[in-house]
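Please view the structure before reading the notes.

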Amino acid sequence: MADDAAVALKERYVGQPVERVEDATLLTGKAQFSDHLPTRAGTLHAAILRSPHAHARILSIDTSKAAARPGVAAVITGEDVRAISDPFLIVLRQPMHQWALAVDKVRYVGDPVVCVVADDRYHAEDALAFIDVEYEVLPAVVDQEAACEDGMPLVHEAMGANVASVRDFTYGDPDKAFAEADRIVKLRTYYPRNSQTPLEGFVVNAEYHSGENLYDVASNYQGPFTSHPVMSLALRVRNSQLRMRTPQWSGGGFGIKVQIFPYVVLMCLASKIAGRPVKWVEDRLEHLAAAAAAPNRVTTIEAAVKNDGTVTAFRFDQLDDYGAFLRAPMPGPLYRMHGILTGAYDIKNLAVTNRVVMTNKCPSSMVRGFGGPQMYFAIERLMHKVAVEIGMDPLEVMRRNLVPEGVFPYRAAAGALLDSGNYPEAIERAVNEGGLAELVRRRDAARKEGRLYGIGLATIVEPAQSNMGYLSNILPRDERARNPKGGAVANATVNVDPLGTVSVTADSIPQGQGHMTVLAQIVADELGLTPDDIKVSLDFDTAKDAWSIATGNYSSRFSSATAVAASKAARKVRDKLARIAAPGLNVEPEKLEFAGGKIFDPVNPDNAVNLYRVAGSAHWTPGNLPEGMEPCVRETGSWSPPELESPNELDQINTSLTYGFVFDFCGIEIDRDTGMVRIDKYVTMHDSGVLLNPLIANGQVYGAFAWAVGCALFEEFVYGDDGSFKTGTFADYLVPTSFEVPEPQILHMESPSTVSPLGAKGIGEGNCMSTPVCIANAVADALEAEGVNTDDLALPLHPSRIAKLIHGAETAPAAGRPELRPHPEKPAAGHMLTGDGETFVPAPPEEVWRTLLDEDSLAAVIPGCHRLDRLGENDYRADVSVGVGPVRGRFIAKVKLDELVEPESAKLSGSLTGPLGASQGEGHVRLTPEANGTRVSYDYSIVLTGTVASVGGRMLEGAARALVRQFFNRLVAQVGGGPEPAESWWSRLLRELGIRK
Amino acid sequence: MPQLNRDVRHPVSLTLNGKKVQGHAEPRMLLSDFLTHEIGITSCHVGCEHGVCGACTVLIDGNVSRACLTFAVQADGAAVDTAESLADDEGELSALQQAFKKHHGLQCGYCTPGILMSITAYLKEKPKPTEDELRDMLSGHLCRCTGYVGMVRAVLDYCENSGAGAKAE
């Protein structure tokens, strides 16, 4: 065995591109995701009725018809939830009470209002259509800057304002730096709302056990487990009475799956109320409308600049939009990056104002990059502008301001302790190996041909493993001093069973990042085994596994946290096995080596014993163990880096443990006619310390890059000015496909971390921070060459936005429809439909008039009308079923006729409310007598919100026309006329071309 | 076609991955729900319920189909193939699956089974696509983790070294 051992000794798996142990299960379709978890007989399935309004008071909820539907076990409202649970704890002391269902008010489109549990999902969804909710629609506050002004509608009246927090920070002497600057360069940037939208949505299985007063939950929650106490407090139980289990397999997370927690609580309560287990699977529309989004941010950023390109100070004003509620751990994106607000630059003077504002949008959350994309978009757009203003090469401005070589560990102005790196060298290597000079030639050649070509640069510092004290800075110093927070605990356990096989459990809760493989590599190296020998199980159970508040998968936590804990646990196991083996081998335990499944004396490798025998003795013959040693071989490694301290009295905080470095450059070309951006070449240099598995590390870069391309060019959650949500499908929220994402050239440098025992840093978020702004800078470069001002360049850079910059705003075609009356109260609509038309009815105007004003005949004319109740004179309430494309639903319609000029004209106004959305509209009907009947002409304008508006933007116009047409067809039938006069070939052609109804 | 009645569970028989299976479905039950919750396979993943993401892709009588846009009763009597059919009976990965593993063509793996089924059908028609052609085909699927690089490399490697096109040369 001596030779084998010698060979094996050299075999180390950490640092190798080891193929993933996860893959066989996933590739064969055998992985059990949350929807595949076993449910016991009698499990109920939940569906959620959500608000179609951005802001409305709930006047009444009638659940009686829904409760009587087939299969329905319980219908739960906000009042039911309020009776048995408490609002979710938030970071700030603000009267912003959120329960698992809306209470009193709804505050965003998608806000959960009623939960139905039934014997299957189909029945539960059926029943939603039979819930009648009466709303008083309130004006919504949508724009984050307008929300800060006085006199705006309040998302939370008790707060007295929409701004939930304002904090100012000063480091160094920024006033002096700005006073002494040669020039001040200023920019206002806007970063949009977006999300990486995991393909698997939320899934919750919850069961309440009354005997133990225990909630047992299996869900694809991803942590951080700081939100575990938030859930248990809401449920009014001790932490140990909320058992949270996560399965081994989860279909993507990207931070968003922390925001499952309100639904965990909701399903727990539903199970308690219904007395049976409850399962809920989120659908795509729910996910896009109501799961979570990265906060949109407006940043005003200024640099104090010297004529040689040196930046001596930054001044930030950051305004983050957290939507309708601050959910834990919000406002993380505003504070997670705090220590590193100066980015990769050696800037000593810094002033920051952070503002948190609430609006009528979906609550914000952590999303991959977690505050970094917003912050670096502002910094790197500004540095680009500095270069343009002083007429210097952007690369030169960057070089001039970088944290220099040889100063690590470096304390950044706001407190980040940059552990290691060589930023100038990384940039030089990238410039050379990535071929920047060649790219510049390509740009120049393209421009000579009159093409729109630009080069962009960006550099960022990528933080990893968050300090649990990072949010403390939002509190005043005296308040946080009473309850200081800091650190970041990680846990992992290595077990060797009686037959000597090794298993690992850990607290990383992965969603596809290959943690099983990397942990197997680490433990295999410690114990002289192969990764195939190590069984890693990363399903998680708070009742059984070691966990802490930092547990979970977020903020690039793995490589410097859980991986370290696992190596510590494996080292403890190794030490114990060495102590057991030492007497038999007659060698000091510290001198023993592990390789090839053996424990041996490196001086005499034949003096060896099998690892499984040594481990077995701890189980089979514990009496023979060294004096004082405990039986079994099971060790837990826990660690929290000492560098992660609470904020100090200067408000400095080391917000993360490790800091990697990223430098990107790219060349893009813009299609001059369409404004479409094509990425020609993209180079990304990473110094992420030691790469534990280069195959997986590159996979993280490719993945972050692809999403970042989406953020740069396509992805945005769009809201109407009335708060209606417009991007409820993957046909509206555009996600890049294989055709839009090029392959970036990845370069690596490895400066081992000095604070993380494995030397590794994070790598999975860097491109989310660097790539959007790198592409934006390239687009700016291309446009500036044409003399376009790019100060307002906002993401996503979709063709219409860029075309507007190239060609100016598009003007509507001159010819076309007759002018329509604008909608009186609502100038800015959610989704506004307008139309007009005319039809011929073979009956005199008086008869048409009677039909319109007669209750019974009106009921027969309204398409899909089940029932019509008279509320007052010419005022009706109708129960109708309407289909728009594939979406079909039951609505309550209110119709009122006034401005009656008999038998000539009338105004119709009304609303339509149902689980699929709501609409308000008005129209005018004019009756003109003709020889054989009446010419009926009409116009209408309708504003839609809710599901129909979110999913159906493109088909609504056609559907509205079809409905109006149906109405008049039925009117013709009702007044006893025959078919309409034959259509002329001309009008048929226009109709088929979609030009006329 | 037999008479179907609302609210009635009709028997639905499939040849699923070469084996006869039978279950019951109301006319409105989706094939994706039927495969997952009635038959009990775990490869048909639902990512969007509107046919955009492709995670639920299966082959119905050899044709690439979205199970989330197909009613179970529509597939009655058909041969349905899913990712479970790709490895051999001992669980040995197919050459295509091995290429995905080698090139890190998957991360969370939620979109992967559907993508494998599309590729399987596509390569029967076009055993040696160019990278552009392959990317065009793959654009019928959404993957949020990988950036598509690994899966493109995997398929090109497979076509070069293992697929029908490789053997033909």
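The notes below cover confidence, the contact between the chains, and backbone features.

The model is predicted. Chain A has a mean pLDDT of 92, with 93% of its residues at 70 or more. Chain B and chain A bury about 4200 Å² between them, and the count of salt bridges between these chains is four.

**Confidence in chain A**

**Interface between chain B and chain A**

- On the side of chain B, 49 residues are in contact, and they meet 53 residues of chain A.
- The size of an interface is often expressed as the accessible area lost when the parts come together.
- For chain B and chain A this buried area is about 4200 Å², of which 59% is on carbon and sulfur atoms.
- Four salt bridges are counted between chain B and chain A.
- One salt bridge joins the side chains of R153(B) and E743(A), at 2.4 Å from N to O.
- Residue pairs in polar contact between chain B and chain A number 23, with both residues at pLDDT 80 or more.
- Two or more residues of the side of chain B that touches chain A come from each of α1 (31-39), α2 (95-102), α3 (112-125), α4 (131-138) and α5 (149-161) of chain B.
- By residue class, the side of chain B that touches chain A comprises 22 nonpolar, 16 polar and eleven charged residues.

**Cis peptide bonds in chain A**

- A cis peptide bond links G223(A) to P224(A), with omega near 0 degrees; P224(A) is placed in the loop between β10 (214-219) and α8 (227-234) of chain A.
- The bond from F408(A) to P409(A) is likewise cis, with omega near -5 degrees; P409(A) belongs to the loop between α13 (394-401) and β16 (410-411) of chain A.

**Positive phi at residues other than glycine**

- Q465(A) is not a glycine, yet its phi is positive, at about 60 degrees.
- Strand β18 (residues 452-466) of chain A contains Q465(A).
- Q465(A) counts as buried because its relative accessibility is 1%, against a cut-off of under 20%.
- D7(B), also not a glycine, has a positive phi of about 65 degrees, and D7(B) lies in the segment before β1 (10-16) of chain B.

Technical notes: Residues are numbered from 1 along each chain as its sequence is written. Chains are lettered from A and ligands numbered from 1 in the order in which they are written. Side-chain values use heavy atoms; hydrogens and water are left out. pLDDT is the predictor's confidence in each residue, from 0 to 100. Contact means heavy atoms within 4.5 Å. Buried area is the accessible area (1.4 Å probe) that two parts lose on being put together, summed over both. A polar contact is a pair of N or O atoms within 3.5 Å; within protein, one must be able to donate a hydrogen and the other to accept it, and residues adjacent in sequence count only if both atoms are side-chain atoms. Helices (H or I, at least four residues) and strands (E, at least two) are DSSP runs, numbered from the N terminus. Ala, Val, Leu, Ile, Met, Phe, Trp, Tyr, Cys and Pro count as nonpolar, Asp, Glu, Lys and Arg as charged, and the others, Gly among them, as polar. Buried means under 20% relative accessible area, exposed over 50%, partly exposed in between (1.4 Å probe, protein chains only).
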